[in-house]
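Hi,

Here is the structure I promised to pass on to you.

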Amino acid sequence: MEVNPPKQEHLLALKVMRLTKPTLFTNIPVTCEDRDLPGDLFNQLMKDDPSTVNGAETLMLGEMLTLPQNFGNIFLGETFSSYISVHNDSNQIVKDILVKADLQTSSQRLNLSASNATVAELKSDCCIDDVIHHEVKEIGTHILVCAVSYTTQSGEKMYFRKFFKFQVLKPLDVKTKFYNAETDKVFLEAQIQNITTSPMFMEKVSLEPSMMYNVVELNAVKQAGEEGVSTFGSRTYLQPMDTRQYLYCLKPKQEFAEKAGIIKGVTVIGKLDIVWKTNLGERGRLQTSQLQTMAPGYGDVRLSLEAIPDTVNLEEPFHITCKITNCSERTMDLVLEMCNTNSIHWCGVSGRQLGKLNPSSSLYLALTLLSSVQGLQSVSGLRLTDTFLKRTYEYDDIAQVCVVSSSIQVEG
């Protein structure tokens with residue numbers, strides 16, 4: 001919408017036009033069967049129509065391009081381009097012409113003029129042209145303010161402005177979900193919905209991790225000796241109102257994973273970088289703010305499994321490796337107790353001293369156990385006691401193993 005101040009008699013005329021790429025011409029095919037009254041008339045008219053595709057006249061999409069008929073929609077992340085022309089409509093020579101273009105948003109005012117230099121003179125029927133570009137980073141109302149100042153032959157200084165108001169819309173709806181694994185890994189699911197009225201080609205959707213994490217994208221199926229194939233297929237188009245889920249796995253870097261006290265509370269994961277194309281290759285880009293998640297709380301002592309077999313034989317010993325981490329701010333003196341359950345039996349000495357464990361330090365334990373019951377069995381029964389505070393920490397259901405018979409009897 002254009003809002004202008006009261007008209008004045010000026011020697012110069014200002015014209016502003018938004019620069020957008022054209023669209024493919026569409027028509028409405030009208031056809032009928034040969035036995036109908038018009039016969040082959042409609043089909044022949046479509047064949048003679050220069051806007052239709054030869055051999056595919058019934059398609060709505062044509063071969064011609066249509067120039068924009070209106071201002072159109074502007075979406076967040078796209079580049080706003082505009083052509084500004086100042087024309088001397090008089091028969092006089094105008095001097096000291098200065099053209100300024102500012103973009104007013106809800107939070108700031110930006111100067112978009114390519115040059116702020118004054119043009120010495122402008123002869124009759126000549127013009128000054130400028131093209132401005134701006135990557136839109138805010139939604140809501142924007143006002144393009146174009147101001148022109150000049151001096152007439154008589155020395156009178158003249159000045160006028162024009163205002164062009166437009167709305168910047170939101171193109172995508174992005175939702176995120178976090179899942180904390182039993183290990184230090186964090187899984188991020190990003191749901192991206194196209195809320196525009198036209199399809200999008202998703203050129204890139206990536207996660208830029210923070211300094212504490214490494215990221216692995218889980219959006220492609222990799223085969224031996226071949227590049228990964230996208231789970232969305234070769235044509236990554238997102239239709240209007242369609243939603244797509246992207247999955248990422250984040251793992252703390254070694255220097256941070258070894259220090260238990262660093263990753264706790266609210267943790268910065270990183271930010272999503274989304275690039276898409278619409279229409280005839282018009283590019284848009286969005287970056288989310290820094291994504292945050294709440295790191296799981298492990299209490300004073302954390303026990304995690306570093307190695308455990310998936311399947312074990314019935315009544316045969318198997319080995320696991322545990323990692324014990326002191327998450328408190330004090331030194332602990334730990335004692336390990338192993339309590340048998342109905343199906344799991346620990347092998348070794350229970351009640352042994354593990355020694356002192358400093359804050360943010362870890363130790364590894366290799367333990368042996370066996371199962372007396374087949375099926376999916378839960379590993380339970382570990383107890384850690386801090387002799388300083390006389391406090392006991394219980395760890396049950398820390399993992400599951402599949403127990404199978406070591407021999408298979410075949411009936412003859």
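Let me start with leucine 188, which is buried because its relative accessible area is 0% (buried means under 20%, exposed over 50% and partly exposed in between, with a 1.4 Å probe and protein chains only). Before I go on, please note that this is a predicted model, in which local features need pLDDT of at least 70 and side-chain atom pairs count only at pLDDT 80 or more, while totals for chains, interfaces and linings use all residues. Residues are numbered from 1 along each chain as its sequence is written, and side-chain values use heavy atoms, with hydrogens and water left out.

Leucine 188 belongs to strand 14 (residues 186-194); helices (H or I, at least four residues) and strands (E, at least two) are DSSP runs, numbered from the N terminus. Leaving aside residues up to four places away in sequence, leucine 188 touches Thr176, Lys177, Phe178, Leu207, Tyr246, Leu247, Tyr248, Leu250 and Leu291, where contact means heavy atoms within 4.5 Å. From C-alpha to C-alpha, leucine 188 is 9.8 Å from threonine 293, although the two are 105 residues apart in sequence.

What does strand 14 pair with? Strand 20 (residues 243-252) runs antiparallel to strand 14, and eight bridges join them; two strands pair if DSSP finds at least two bridges between them. Within this pairing, valine 186 faces leucine 250 of strand 20. Strand 20 also pairs with strand 16 (residues 213-217), again antiparallel, over five bridges, and there proline 252 is the bridge partner of tyrosine 213.

Strand 24 (residues 301-307) has five of its seven residues buried, so it is largely enclosed by the rest of the structure. Six bridges tie strand 24 to strand 26 (residues 318-326) in an antiparallel arrangement, with alanine 307 opposite threonine 321.

Now the cores. A nonpolar core here is a set of buried Ala, Val, Leu, Ile, Met, Phe, Trp, Tyr and Cys residues joined through side-chain atoms within 4.5 Å. The largest one has 49 residues, and the members touching the most others are Leu12, Ile97, Leu144, Val148, Tyr150, Ile192 and Met202. A second, separate core holds 30 residues, including Val312, Met332, Leu365 and Leu369. Beyond four places in sequence, isoleucine 192 has contacts that include Leu172, Val174, Met202, Val205, Leu238 and Ile274.

Two threonines are worth a look:

- Threonine 236 sits in the loop between strand 18 (229-230) and strand 19 (237-238). Threonine 236 counts as buried because its relative accessibility is 13%. Its contacts, not counting residues up to four places away in sequence, are Met200, Phe201, Met202, Ser230 and Arg244.
- Threonine 392 lies in strand 33 (residues 391-395) and is partly exposed, with a relative accessible area of 45%. Threonine 392 touches Arg383, Leu384 and Thr385, again not counting residues up to four places away in sequence.

Finally, the second largest pocket has a volume of about 570 Å³. Its lining consists of 23 residues, with Thr23, Gly72, Asn73, Asn279 and Glu282 nearest the centre. (A pocket is an open set of points on a 1 Å grid over the protein atoms alone where a 1.4 Å probe fits, with protein on both sides within 12 Å along at least five of seven lines; lining residues have an atom within 4 Å of a point.)

Best wishes

Terms used
Grid points are joined across faces, edges and corners, and a volume is the space filled by probe spheres set on the points.
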